Amino acid sequence: MSNPATRNYAHEAREKREAILAEVRAAIERGCVAEAAKRAETGAEAQCFSDDSAARLKSCPELAEGSCPDTEQHEGTTGPNAAPDPASLDTGPCSDEGAPGGGEHKKTKREEERERKEKKRQEEQESARQKLANARPALILHTTAGNQVVLPSKDLPLERDQAEEWGKHLDDRVAADGRLWVGETGRRASIEYCLKIRGKDKHVNLAHFNPVQREVDRTAGRRNIILKARQVGITTYVAARFFLRTMLQPGTLSVQVAHDQQSAEEIFRIVHRFLENLPAEWRRSALKTSRANVRQIIFPKLDSEYRVESAADRCAGRGLTIQNLHCSEVARWPHDVEETLAALRAAVPPDGEIFLESTPSGAGGTFYEEWQAAPETGYVQHFFPWWWEQSYRREVEPVNLTQEEFELMMKQGLDKAQIAFRREMRSQFRNRFPEEYAEDPETCFLTSGHCMFDVAKLDAALKKPPEYCDERENGNTLYLLPPVTGKKYIIGVDPAGGGTDGDRSCAQVIEVEKGTQCAELLGHYTPQELATKVARLAQQYNHAYVAVERNNQGYSVLTFLSLECGYQNLYPGGEKPGWVTDRQTRPAMLSRLEEMVANLTHLFLSHRLLQECRSFVRDREGRCAAAPGAHDDTVMAMAIAQAVRAECRVTLPETEKEPAVAALVA
């Protein structure tokens, strides 16, 4: 730090210099060069000007004679004898920080910082001008609707209003007067312009639609259900479609739901690859993210978000408003698929988009039911067999074509390389080939899932219109055949937990003589409610013999039946009533039902029962149960009823009604 006395001296010297300089300038402006030279000489002696400045003034010829020429004499004079410009006078070596003669003027830190910032600003401006001059131009696509789809330059920042304008006409088709993407949607053009994927060749390149993706893009509506062969590109297409909408339409929430955690992570890697390969200028502007991890991407400047969830999480999507919903491999979702799917779809407004897609997994379950009901629910059906995928071929000459292969080639226009691929996949997947590589939307369901029952018999029965004489409780209770006086009946009961989620409770009424199904009760009931309804049903069918599965909730149902309802005609009698389903009884009761369905299909009249039989499959360990997402309540209740019928000789009790039951019927 400089001495205070030195700073004061420097201040005084600066003031003196400025005063003398002002006098010199005033003399020159009046044309009095001699006076100016004299003042300059005084300044030089005081070290306020350099000696060179004083010498320049003295060099004028008039100064040698000591005259003071007037203003006109020197106005406009040029050359060596001209009066010097006051601004050209050197103010000398005086320093602001030191004593006279202290050397050259030193810049303060503030001045240096100011100059540095100014230089940086000028460099940035020049860089921006150069970038703008060298930037690739935007692509402008004209659409058949008379609009424009402007694909912004990848070398310049993307502003929010640009993104929003870009996203307005994605559904429009490109007009024929252009050179690129003629006849395709603005969406396809946009995806192929800026999103990159990792192909089957393991290289990351700009997306290019395959035939499956082009067809979906051409025909998709707001509600879509897709039945497909494996790995035909649907997941990647829907991810790209929704990512584009998320980054171009502010306020958008897109959610993809996979069937398990591993698949959710794989989908997120696809989406994150879109993000990390966007142009750098875009990512530093409107598409800057505040979060891009844990299966979530947020664009704060757009107020948009992209999420990838797992159906294993029962709370996936709850409490959200979802503009774009993709449910992947729905046929393989765990837990209660119907409940999870209903909660997700309820979060999508009418103008949102929904894609349900899956490979088949048995002719039953939520996805199968959604596919069958699509024409009534307004969902657009898309089916893509394996030959839509261009890479599914083997350059091997197949020999000895079978009749089935020859017919497939003729019907679908396949070549021998595709048939060679088909043979290879059939040898690898064996019975699972129709499930993994679907060939038509009917047989892929019929042959997948290893259904325990005779599929052909079930399908023939399901084609017949349902027949019943009465229904109650909004269809929960179906009366298929009325009770006949003198006949004996058995009721098999499969209780459930009683909540509104998960499996339902079921009671099946059969006639003892032939085993014909007569009535069916199905719904979510508490043990007390179920006991009351079963007691009423038993009384209506000639005081039927009731067999309640006593596993889990069955104990409570039996207690309410015997104590509260006063119903005592319970299997098998004695101190411990109720049917026990265990490792010994379960295989036998299901085998009996399997044989009856195959040989006496006409005895089973409920379409609910037939449909659950359709999705009752045998897994790889040989255990038979409902397919993922399906139910087996009607199947198990019927199996109990038929097992009890085969096991014992049923006799009717006295016809006199017990008071409690009579009150229920009344």
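A: In this predicted model, the structure holds 37 salt bridges, and a few of them can be followed residue by residue. One group is a network, in which Asp 171, Arg 187, Asp 217, Arg 241, Arg 245 and Glu 353 are linked by salt bridges.

Among the pairs, Glu 405 and Arg 423 form a salt bridge whose closest N and O atoms lie 2.8 Å apart. This pair links distant parts of the chain, since Glu 405 sits in helix α15 while Arg 423 belongs to helix α16 (residues 416–429), 18 residues apart. Glu 405 has a relative accessible area of 5% and is therefore buried, the cut-off being under 20%, whereas Arg 423, at 26%, is partly exposed.

Another pair joins Arg 393 to Glu 395, whose side chains meet in a salt bridge at 3.3 Å from N to O. Here Arg 393 is partly exposed, with a relative accessible area of 30%, and Glu 395 counts as exposed at 68%.

Lys 168 and Glu 165 also form a salt bridge, with 3.2 Å between the closest N and O atoms. Lys 168 is exposed, because its relative accessible area of 53% is over 50%, while Glu 165, with 41%, is partly exposed.

Helix α15, where Glu 405 is found, covers residues 403–412 and also contains Met 410. Met 410 is exposed, with a relative accessible area of 55%, and together with Leu 401 and Phe 406 it makes a nonpolar surface patch of about 290 Å².

Notes:
Residues are numbered from 1 along each chain as its sequence is written. This is a predicted model: local features need pLDDT of at least 70, side-chain atom pairs count only at pLDDT 80 or more; totals for chains, interfaces and linings use all residues. Side-chain values use heavy atoms; hydrogens and water are left out. Patches are made of residues with over 30% relative accessible area and no salt bridge: like charges are joined within 9 Å, nonpolar side chains (Val, Leu, Ile, Met, Phe, Trp, Tyr) within 5 Å. Accessible areas come from the Shrake-Rupley method with a 1.4 Å probe; for residues, only the protein chains shown count as cover. A salt bridge is a side-chain nitrogen of Lys or Arg within 4 Å of a carboxyl oxygen of Asp or Glu. Helices (H or I, at least four residues) and strands (E, at least two) are DSSP runs, numbered from the N terminus. Buried means under 20% relative accessible area, exposed over 50%, partly exposed in between (1.4 Å probe, protein chains only).
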